[in-house]
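Here is a short report on how the parts of a structure meet. Look over the sequence and the model first.

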Amino acid sequence: MIELRQATKIYRKGRIEVKAVDGVDLKIKDGELTVIVGVSGSGKTTLLNLIAGLDTPTSGSVLVDGTDLTKLDNEQLTLYRREKIGFVFQFFYLIPTLTVLENVMLPLVPLPMSAKEKQERAMRLIEAVGLADRINHLPGELSGGEQQRVAIARALVNDPPILLADEPTSDLDTQTGDQVVELLRRFHAQGKTLIIATHDERLTQIASHLVRMRDGKIVEEA
Amino acid sequence: MILAYAWREVARRKTRTTLMVMSIFFAIALFVSVLAVLNFFKEAVSLPFKTAGADMVVETFVEPGPWKRVRLARHLGPIPLSVLNEIKGIPGVEDVSGLLLFWSWEAPRMINIAAVDPSDLERVSPVSTRTALGRMFTRLELSVPSFEGYSAILDKRFAETFGLKVGSQIELAGRKFTVIGIVDYTNVPRVGQAEVFIPLNVALEMVRESHEYLRGKGDFVNMILVKLSAGADRKAVEGKIRQIVANATGLNPEKQVKVFTSESILPDTTGVSLLTQQMFKVIAILMLIGIALLVMKTSVAAVTERTQEIGIMKAVGWRDSDIAKLILTESAIQGLIGGILGCIAGYAVAFLYAATAKFNLPHPIVPYSCLPAAAPPQTLSVAMKLSWELIILALVISLAMSLLGGYLAAKHAATMRPAEALRRL
């Protein structure tokens with residue numbers, strides 16, 4: 001269970017304050033497919049960052065399975081991300097100097113397991129996203145859809161219970177976007193909690209839990 | 001796994017790696033070459049002393065006596081033999097030995113003779129107790145020289161020049177000497193070396209016969225070899241020796257009493273003054289410091305350049321300590337590569353220099369006449385040796401430089417918040 005209580009995130013740029021997330025109360029049950037929709041700048045990405053422990057709220061709290069993330073230090077937040085969160089970023093954020101296999105293995109590098117086991121886990125996911133023939137390619141040699149699939153494989157390689165996807169279909173053509181969404185749904189069907197932030201209204205149709213945001217606030221929940 | 005990952009990163013980021021490795025390489029190459037050459041200088045000039053088992057050579061500088069068939073070598077003045085005991089009593093002096101170096105005119109050449117003092121022959125002496133052929137003097141021969149006739153030991157080059165062997169006879173200033181041994185000092189210059197070695201007693205007879213002014217002086221030598229004990233205060237010992245010799249000879253302790261050590265002959269022998277050597281060291285150290293600063297700046301800049309990568313790593317579960325480990329491992333790899341290459345290049349330069357360097361020992365150390373029968377090995381051609389201490393020091397410095405840069409970079413990386421790092425993209 002993910003729970004946000006009066007979560008607020010304020011960014012300061014000089015004297016200007018921007019409330020990216022403004023007093024949000026939200027509960028997301030385990031195994032739900034939550035779609036957060038809103039226009040650009042509505043606070044979707046910040047909300048995902050708060051849930052992922054990449055950012056901390058200025059006020060309020062974020063609880064995941066009863067643990068208040070605001071009470072965790074950097075080290076604990078990192079371990080939380082390592083164990084519970086898979087994050088598919090809007091711009092893929094693949095490391096350009098690493099191959100597909102190495103990018104997918106990246107979260108496993110510091111883990112105490114054999115190199116063989118790490119490689120096998122990464123290979124299973126690369127095969128699942130249909131890129132087995134591209135393992136030695138660099139991100140620059142892949143299409144946008146392929147890069148997104150690598151990012152999904154990397155997000156899932158730690159077998160996290162929560163998968164967050166930020167604008168997974170933006171910058172992709174409709175057909176490729178649909179393939180990516182289908183892939184995400186396939187992993188969700190394996191029992192993972194899936195939270196998608198998007199401005200693509202079409203994705204609301206797949207949601208079991210819909211959250212609509214505007215100006216940092218939740219304006220609709222269904 | 002982090003090591004493998006770090007290795008791949010180092011291999012992939014060629015520009016950054018090349019810059020870091022080359023910086024360390026140049027600093028270490030300069031450092032190693034300067035120190036290796038300076039060590040080589042020291043090794044080269046200490047060799048003539050080491051081979052004689054001595055640390056100091058003491059001489060007096062006087063107007064040479066008149067030219068006769070036999071004369072004392074160069075400007076070396078007589079020093080009473082009793083001085084040896086006084087020097088032996090100085091704290092820090094382990095052993096003392098005296099030599100009488102003189103020349104005998106055996107037309108058309110001047111034979112260079114060293115008469116050896118029977119005491120301490122086995123410890124401090126220009127003539128080794130290990131002869132290449134034949135045998136060394138016995139104590140009886142040294143104390144009673146004519147017991148079984150006169151005995152002489154020859155330098156191998158001299159023996160070969162004149163076709164002499166063990167058992168051959170040689171005439172020096174009208175005396176017949178039987179060759180009892182041959183020593184091989186080919187290419188090994190040493191203090192107090194000569195072509196022929198004879199016992200001191202017979203040498204004193206020979207020089208006294210030729211020079212009236214030497215007759216009333218009692219037993220004497222004209223070169224003293226001093227071996228110091230470990231940790232001896234060299235300056236203090238040198239001062240006392242000067243005073244003792246000056247008192248015994250009536251000569252000026254500063255101007256006419258000469259004390260040579262490997263350090264004192266180094267500038268004359270190598271042609272590089274002590275000041276210049278110090279300057280070389282300072283330049284090498286300044287270069288190290290400059291490169292260390294450059295490495296630090298480059299390391300921190302590299303982390304800033306890798307903000308995206310570090311942000312992603314943190315986002316996918318890398319702890320600050322994991323990232324620090326990666327950065328430090330990369331730094332260590334670069335430092336080691338630069339250090340190893342620097343050591344190789346530094347020693348290559350030093351070896352090249354050593355192979356071409358020719359050092360001539362100063363005349364007072366090898367007081368041969370200008371007409372020697374067999375030219376002395378006066379040119380120091382010493383083989384450069386690898387100093388593992390220097391190599392380890394250089395590798396430690398290169399690692400320290402790169403790890404210091406890596407440490408600052410890791411600290412900088414730890415301050416990055418993952419969301420901020422990703423937002424900066």
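How many residue pairs are in polar contact across the interface of chain B and chain A? The rule finds 10, both residues at pLDDT 80 or more. A polar contact is a pair of N or O atoms within 3.5 Å; within protein, one must be able to donate a hydrogen and the other to accept it, and residues adjacent in sequence count only if both atoms are side-chain atoms.

## Basis

This is a predicted model: local features need pLDDT of at least 70, side-chain atom pairs count only at pLDDT 80 or more, and totals for chains, interfaces and linings use all residues. Residues are numbered from 1 along each chain as its sequence is written, chains are lettered from A and ligands numbered from 1 in the order in which they are written, and side-chain values use heavy atoms, without hydrogens and water.

## Chain B against chain A

Chain B gives 24 residues to the contact and chain A gives 26 (heavy atoms within 4.5 Å). There are 4 salt bridges between chain B and chain A (a side-chain nitrogen of Lys or Arg within 4 Å of a carboxyl oxygen of Asp or Glu). Arg8(B) and Glu102(A) form a salt bridge through their side chains, at 2.8 Å from N to O.

## Domains of chain B

Domain 1 of chain B brings 18 residues to the contact, and domain 2 of chain B brings 28. Between these domains the rule finds 0 salt bridges and 0 residue pairs in polar contact (both at pLDDT 80 or more).
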